[in-house]
Amino acid sequence: MEIGLRTKRNVVDYSLQRRRTLEELAGAMRTMVSHEALDAHPHLIRAALHHGTLSERRCPVSNCGRLLTLNYTFGDQLGQYSGRIKSEEDLKEMESEYGEFSVYVVEVCSDCGWNHIISSYVLGDGITRKAPRRAPTVEDIYG
């Protein structure tokens, strides 16, 4: 369920790469060779379970469950908040607060470890801004 993002541009769809990975994976499964598409990092799986959005699609590898999607945001104007996971609602708010940042949509299956990037795109109103002041973190305060 994607809400309307009015500044969405430079969209890259990774479905052909995803299809090729699935074909390679099918060949690897026939020969019992492990494949990197099934080795989601434990932090990625944990993030998907806690912050992911349930997808309408089922896992393409084992049909073991529905996929979870994550929206990772990156950009110089985000400052220390670059690399964070954001919900669709957060992205809607951010597109008018920042000039430009990238969003990478990743699908993850917590059961079998399947993970792949689905798409990427750029959001923002185009007005260049400085990154927000760096707020002290717990590591800064307590070492």
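Contact here means heavy atoms within 4.5 Å. Among contacts in the protein between residues at least 6 apart in sequence, 63% join residues at least 24 apart. The model is predicted: local features need pLDDT of at least 70, side-chain atom pairs count only at pLDDT 80 or more, and totals for chains, interfaces and linings use all residues. Residues are numbered from 1 along each chain as its sequence is written, and side-chain values use heavy atoms, with hydrogens and water left out.

The protein has 4 helices and 6 strands. These are DSSP runs, numbered from the N terminus (helices: H or I, at least four residues; strands: E, at least two). Along the sequence, the pattern reads β-α-α-β-β-β-α-β-β-α. The C-alpha atoms fill a box of roughly 50 × 40 × 20 Å along the principal axes. Of the 143 residues, 36% count as buried, that is, under 20% relative accessible area with a 1.4 Å probe, protein chains only.

One residue was examined in detail. Asn71 lies in strand E3, which spans residues 66–74. Asn71 counts as buried because its relative accessibility is 6%. Its side chain makes a polar contact of 3.4 Å with the side chain of Glu88. A polar contact is a pair of N or O atoms within 3.5 Å; within protein, one must be able to donate a hydrogen and the other to accept it, and residues adjacent in sequence count only if both atoms are side-chain atoms. Leaving aside neighbours within four places in sequence, Asn71 is in contact with Arg84, Ile85, Lys86, Ser87, Glu88, Leu91, Val103, Tyr104 and Val105.

Terms used: Buried < 20%, exposed > 50% of the residue type's maximum accessible area, 1.4 Å probe, protein only.
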